[in-house]
Amino acid sequence: MGKVLYIILQCTWGIFQTFLGFVIFLLHYKSKHYSYHGSIVTVWKSKTSLSLGLFVFVTSEPFFAKKFEGQISVAELSNRLLVHEYGHTVQSLILGPLYLFVIGIPSTLWGFLGGRKRRDEQIPYGAFFTEKWANSLGEQVTGEKSIENLVLE
């Protein structure tokens, strides 16, 4: 899919999440921004990452990086996280106005409420359907590796 078609679809079919992403983008306009496969990526100081339509917000310091020290570089981990978040933008293209209900809310709950359970039981972040699907789509579209089955705390 071409970048122009990607942008048009995110701004029409994915308008709700793209609008929310635009609002957050404006709040972080002084942060570093760049393009990634048609999406607009913002590197922010939050410890978490987020995808809303055309906009991807990635952490400048993955909070789980220390756990993988010596195994995966922070740069590689950050890129894998970007591939995962880009997968969420593809979900937005597929689901359109249903994205926030089918992916956004469940994914946010898994990220914030499931942390202790994932850590205690060593459950990979990608075990939840929204995340597994985002990993798969991100890898298919970009040809790069995602966070796959890493156990993130």
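Eight aromatic pairs are present in the structure, where rings of Phe, Tyr and Trp (its six-membered ring) pair if their centres lie within 6.5 Å. Planes under 30 degrees apart count as stacked, over 60 as edge-to-face and the rest as tilted. The model is predicted: local features need pLDDT of at least 70, side-chain atom pairs count only at pLDDT 80 or more, and totals for chains, interfaces and linings use all residues. Residues are numbered from 1 along each chain as its sequence is written, and side-chain values use heavy atoms, with hydrogens and water left out.

**Aromatic pairs**

- The pair Phe-22 and Phe-25 is stacked, because the ring centres are 6.4 Å apart and the planes stand at 20°.
- Both Phe-22 and Phe-25 belong to helix H2 (residues 15–27), where three residues, about one turn of the helix, separate them; helices (H or I, at least four residues) and strands (E, at least two) are DSSP runs, numbered from the N terminus.
- Phe-22 has a relative accessible area of 37% and is therefore partly exposed, whereas Phe-25, at 18%, counts as buried; buried means under 20% relative accessible area, exposed over 50% and partly exposed in between, with a 1.4 Å probe and protein chains only.
- A tilted aromatic pair is formed by Phe-128 and Phe-129, with 5.0 Å from centre to centre and 55° between the planes.
- Phe-128 is partly exposed because its relative accessibility is 22%, and Phe-129 is likewise partly exposed, at 46%.
- One aromatic cluster is made up of Tyr-6, Tyr-36 and Tyr-86.

**Surroundings of Ser-39**

- Ser-39 is located in strand S2 (residues 39–44), and with a relative accessible area of 1% this residue is buried.
- A polar atom of the Ser-39 side chain lies 2.7 Å from the backbone oxygen of Tyr-36. A polar contact is a pair of N or O atoms within 3.5 Å; within protein, one must be able to donate a hydrogen and the other to accept it, and residues adjacent in sequence count only if both atoms are side-chain atoms.
- Leaving aside residues up to four places away in sequence, Ser-39 touches Tyr-6, Tyr-34, Leu-54, Val-56 and Tyr-86, contact meaning heavy atoms within 4.5 Å.

**Asn-149**

- The C-alpha atoms of Asn-149 and Thr-108 are 18 Å apart, and 41 residues separate the two along the chain.
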